[in-house]
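Please read the following report alongside the coordinates. It turns to cores, then to helix packing, and then to a few individual residues.

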Amino acid sequence: MEEREGEVRWDGLCSRDAAARAAALDHIGQAVLRRSETIAPVAAVPLARAADVLLVPAARDGLSEVLARLLMLSKRCPFPDVREKSEAILSGVQELGIRIPRPLGHGPSRFIPEKETIQVGKEDAMMHTLFADSFATLGRLDNVTLVMVFHPQYLESFLKTQHYLLQMDGPLPLHYRHYIGIMAAARHQCSYLVNLHVNDFLHVGGDPKWLNGLENAPQKLQNLGELNKMLAHRPWLITKEHIEQLLKTEENSWSLAELIHAVVLLTHYHSLASFTFGCGISPEIDCEGGHTFRSPSVSNYCICDITNGYHGVDDIHASPTGSIPSTESVCEVEALMEKMKQLQECRDEEEASQEEMATRFEREKRESMFVCSSEDEESAPARDVSRHFEDTSYGYKDFSRHGMHVPTFRVQDYSWEDHGYSLVNRLYPDVGQLLDEKFHIAYNLTYNTMAMHKDVDTSMLRRAIWNYIHCMFGIRYDDYDYGEINQLLDRSFKVYIKTVVCTPEKTTKRMYDSFWRQFEHSEKGHTTFSPLPLLTTPSAPQVHVNLLLVEARMQAELLYALRAITRYMT
């Protein structure tokens, strides 16, 4: 296809070859300059009058989108030559009398102070490799990556899996993959993920008409809507009949391989929406809500920032307790460690009967129904994305509301390790292995520290979190004593877990701050017990918890869907 004059091409910036990036940057600079000169040819304007002409809008000819992309590159590209040249192009545009954008917000997360996150350009060699891989694959270094990098081993596995699902050979065409990602993220009103995949969908040749609503997409994708909503909100209702409807719809039918690919994508983006809301991920700089063309005020932010919930750095991330661990926080950590020690001793002394274990599971499942988030708290405002899915009233409901009973899902009868893994790997080669690796990294991730304490075995706590999430979905492990959950997880922590997993769009910073307060100001001197200083920052434990929530939720959804597919096949 012949390139249109003035068209801005970004692909060359993803190259690892500096010469290729330099050529791409020159082309971008020339294209931007040509567009800018047609809007505001002010080369002859005296310098004294420059302030009078810096109000020219850049909306014409798509220039505002191009400038927002350059702003993102100047702040978020792992290649220093791209950052510097992007900044220089923006300065050149500004000199022509055109207003350039500036970032809104402070850092990749609304919940985590920017000073605790890694700054692009200041990463070590290992992190730079991760960042460069992500940028080369996606054409961006997104805020999810910048928060997940608290745990680089997990991030590497996550990026590898996501790259395979979206870009490598597979049963589904590329534009279907991104559209399914949009459908999944929209179930939780996650405009952050919807925005990213709308751009990716169009980039790979997707039909813009599909974005006007699910009813404008092919019938085959519309048929996936029912499975999407059940997986997102009530996966225990999925039966082999639902699978049969998708596989036997004549001309609009799915193959088994296509359906497995779609199910993995749906569960991936449902759980990623949980991470996005659970960690308060900010809009990308070049997306809606991530930048503004308004001039800054003297205090470095304007009234539009305040109305969008953005204040000064010190204001937005100020902690009411200061930077020194309180006596109460230290006691909380030590009390939790003592509980873990006592529970281990009880395990060693006596083992509960199978009947008692079953009773404790049913009690915990029943109690989990009464754990709910506060409805009067405001979560982050989001653009309406309801057009991307049907039945907007359909949401999460507990098992036994209105007398409805759902049988317990026993892992001993159908597990990921013994059943789901092999089914996925057979119908979508290598993906089972990638998912299995990601599950194990999240579940086993530990630095053997708890706040200021070192050499701590946290396996009991990690298992309690994982099994509590599965318990909320009715999934039971026969060999686990569910009485431990109430001993280790307090109510505020349970509220946060249930909100992030079941209704992530309702997550608030107050919830995030209220659980595990003892870890908010953990000491930063444990570098000898962590591979990176970053991992000892106060926010690393909260991010780790969110990784557990993401993977436990994804596995729970997969178990229900894969069991239904297995029953259909047999």
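In this predicted model, the largest nonpolar core has 125 residues, where a nonpolar core is a set of buried Ala, Val, Leu, Ile, Met, Phe, Trp, Tyr and Cys residues joined through side-chain atoms within 4.5 Å, and buried means under 20% relative accessible area, exposed over 50% and partly exposed in between (1.4 Å probe, protein chains only). The residues with the most contacts inside this core are Tyr 179, Leu 224, Trp 254, Leu 259, Phe 275, Ile 465 and Ile 497. Helix α24 (residues 540-569) supplies the largest share of the core, 16 residues; helices (H or I, at least four residues) and strands (E, at least two) are DSSP runs, numbered from the N terminus. A second, separate core of 28 residues includes Ile 39, Met 72, Ile 89 and Val 93.

Residues are numbered from 1 along each chain as its sequence is written. Because the model is predicted, local features need pLDDT of at least 70 and side-chain atom pairs count only at pLDDT 80 or more, while totals for chains, interfaces and linings use all residues, and side-chain values use heavy atoms, with hydrogens and water left out.

Leaving aside its neighbours within four places in sequence, Ile 497 is in contact (heavy atoms within 4.5 Å) with Ile 465, Tyr 468, Ile 469, Met 472, Leu 489 and Leu 549. For the protein chain, the secondary structure comes to 24 helices and 6 strands, and 54% of its 570 residues count as buried. Of the contacts in the chain with a separation of 6 or more, 78% are accounted for by residues 24 or more positions apart.

Two helix pairs are set out below, with axes taken as lines fitted to C-alpha atoms, for helices over the stretch in contact, and angles running from 0 to 180 degrees between N-to-C directions.

| Helix pair | Angle | Axes |
|---|---|---|
| α3 (residues 63-76) and α4 (residues 80-95) | about 140° | 7 Å apart |
| α8 (residues 174-187) and α13 (residues 256-278) | roughly 40° | within 8 Å |

Angles under 35 degrees count as roughly parallel, over 145 as roughly antiparallel, 65 to 115 as roughly perpendicular and the rest as oblique; α8 is therefore oblique to α13, and α3 and α4 are likewise oblique to each other.

The contact of α3 with α4 involves, among others, Leu 67, Leu 70 and Leu 71 of α3 and Val 82, Arg 83 and Ile 89 of α4. Its residues divide into 8 nonpolar, 2 polar and 2 charged, given that Ala, Val, Leu, Ile, Met, Phe, Trp, Tyr, Cys and Pro count as nonpolar, Asp, Glu, Lys and Arg as charged, and the others, Gly among them, as polar. On the α8 side of the other pair, the contact includes Arg 177, Ile 180 and Gly 181, and on the α13 side it includes His 261, Ala 262 and Leu 265; the division here is 7 nonpolar, 3 polar and 2 charged.

Helix α11 (residues 225-233) is largely enclosed by the rest of the structure, because 8 of its 9 residues are buried, including Asn 228, Lys 229 and His 233. Asn 467, in helix α20 (residues 459-472), is also buried, with a relative accessible area of 2%. Apart from neighbours within four places in sequence, Asn 467 is in contact with Tyr 477, Tyr 480, Tyr 482 and Ile 485.

Glu 7, by contrast, counts as partly exposed at 22% relative accessibility, and lies in the segment before α1 (18-39). Beyond its neighbours within four places in sequence, Glu 7 is in contact with His 27, Ala 31 and Arg 35. The C-alpha atoms of Glu 7 and Arg 35, which are 28 residues apart along the chain, are separated by 9.5 Å.
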